[in-house]
Amino acid sequence: MARQPVPRGAIGSLILIAGIVAGSVAAFSYTGGFLSPGRLTPEKLLAGLAPSGGAIPGHRRNHAKGICFTGTFRASGAAASLSQARVFAAGDYPVIGRFNLGTPDPQAADGTVRVRGLGLQITTPDRRQWRSAMIDAPVFPVATPQAFYGLLQAAGSKDPDAMKSFIAGHPEFPAFAGWAGSAPYPASYAGTAFNSLNSFLLTDAAGRQQAVRWSFRPEAPPEPMSAADFAGLGPNHLAEEITKRVAQGPQRWTLVLTLAEPGDPTADPSRPWPEDRRRVEAGTLTVERIQPEPDGPCRDINFDPTILPAGISLSDDPFPAARSAAYARSFNLRTSEWKDYPREAGATGAPRP
Ligand code: HEM
């Protein structure tokens with residue numbers, strides 16, 4: 001049979017299709033990190049965070065053990081001159097939050113976990129949201145997201161010298177290790193302070209920018225305990241205690257903004273700023289109601305630190321962007337693993353969309 005000539009237009013179409021396919025493969029390869037194996041991807045970070053037996057489905061890939069709360073943020077108005085964000089204008093704004101422990105294991109005993117966290121979402125009437133996830137440590141263990149990945153790898157390594165070599169190459173690490181090894185354990189979430197550690201920019205009405213970090217400082221005294229005494233309180237003490245405490249009365253934290261001065265290390269959360277930096281008390285968080293995480297209001301929230309209202313923005317700190325990518329990946333995984341998603345006993349069906 002004589003071969004039919006392929007019409008010219010068809011050749012053009014085939015080239016176009018081949019180009020689209022090649023482009024898509026290249027794009028997928030790039031986003032998947034296949035073209036640059038050294039690139040830090042959210043997948044690598046989650047693999048580093050996973051316990052030795054593998055990630056626990058249905059749960060946050062870090063800070064997996066937690067409890068929800070609802071409450072109010074009352075802005076004092078004292079920070080309104082620093083930022084045009086509505087959240088700093090005097091007023092009351094609803095909050096959904098989550099007290100949590102820095103572990104990928106939702107069943108970990110409280111006494112085995114050193115780092116405590118606070119996830120917060122404040123919503124203002126202009127339909128903006130400010131989300132933040134903070135920890136109680138005064139500094140982060142390492143200076144960069146890449147170094148955090150290195151730390152996760154060293155901590156999970158079978159090589160007995162892995163941590164020693166990691167520490168030798170990261171002179172910033174001992175500050176965090178010193179805190180972790182010696183700081184007392186507050187007996188309650190209520191007596192725990194939480195720090196942003198990452199730096200952000202505030203923008204005022206005239207467009208002027210100011211770098212800040214923030215902390216939520218508790219009104220309740222910390223009741224400091226040794227690691228052993230704290231562990232003796234029981235494996236789920238923190239959630240049980242805060243549930244009882246808040247049922248008896250609301251608990252409060254003051255939002256303190258710390259203002260950077262020129263030269264302060266805004267891009268490195270492992271380095272504290274000098275103690276004498278100006279501080280502004282921007283408002284009070286009141287925790288009014290505790291709710292378990294299964295079917296609770298915080299369960300479906302990704303406390304992504306890059307979700308910011310106009311008037312607060314990212315600084316040169318590389319962490320929030322890296323965190324955002326890892327949190328999104330964790331969120332997508334856990335919400336799709338709905339068979340294991342935290343639900344009340346007896347509840348059936350898929351979680352809320
Ligand atoms: C590159 C560094 C980091 C990585 C890879 C990382 C990873 C993660 C992941 C995967 C989650 C679970 C997210 C979800 O499923 O919703 C998480 C939660 C959390 N992280 Fe990070 N994190 C990093 C740095 C930090 C820093 C610097 C802080 C605090 C200053 C922090 C505080 C928290 C807190 C409090 C939560 C729990 C929030 C909640 O209740 O949902 N993380 N992190």
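Predicted model: local features only at pLDDT ≥ 70, side-chain atom pairs only at ≥ 80, totals over all residues.
Let's start with the ligand. It has 27 residues around it, and the ones that come nearest are Arg60, Arg98, Tyr327, Ser330 and Arg334. For Ser330 the distance is 2.5 Å, for Arg98 it is 2.6 Å, and for Arg334 it is 2.8 Å.

Where does the shell around the ligand come from? At least two residues each are supplied by α2 (42-49), β2 (91-101), β3 (116-123), β4 (129-135) and α8 (319-336). Helix α8 gives the largest share, with seven residues.

Now for α7, which runs over residues 237-248. Its twelve residues stretch 17 Å from the first C-alpha to the last, close to the 16 Å expected at 1.5 Å a residue. Buried residues in this helix are His237, Leu238, Glu241, Ile242, Arg245 and Val246. Why do they end up on the same side of α7? Because they cover an arc of only 135° around the axis. Lys244 and Ala247, on the other side of the helix, are exposed.

As for what covers the buried residues of α7, the list includes the strands β1 (65-75), β2, β3, β10 (251-259) and β11 (279-291), along with the helix α6 (227-231).

Definitions and conventions: Residues numbered from 1 in each chain as written. Heavy atoms only, no water. Near = heavy atom within 4 Å. Polar contact = N/O pair within 3.5 Å; in protein donor to acceptor, adjacent residues only side chain to side chain. Helix = DSSP H or I, 4+ residues; strand = E, 2+ residues; numbered from the N terminus. Expected span 1.5 Å × (residues − 1). Buried < 20%, exposed > 50% of the residue type's maximum accessible area, 1.4 Å probe, protein only. Arc of directions from axis to C-beta. Contact = heavy atoms within 4.5 Å.
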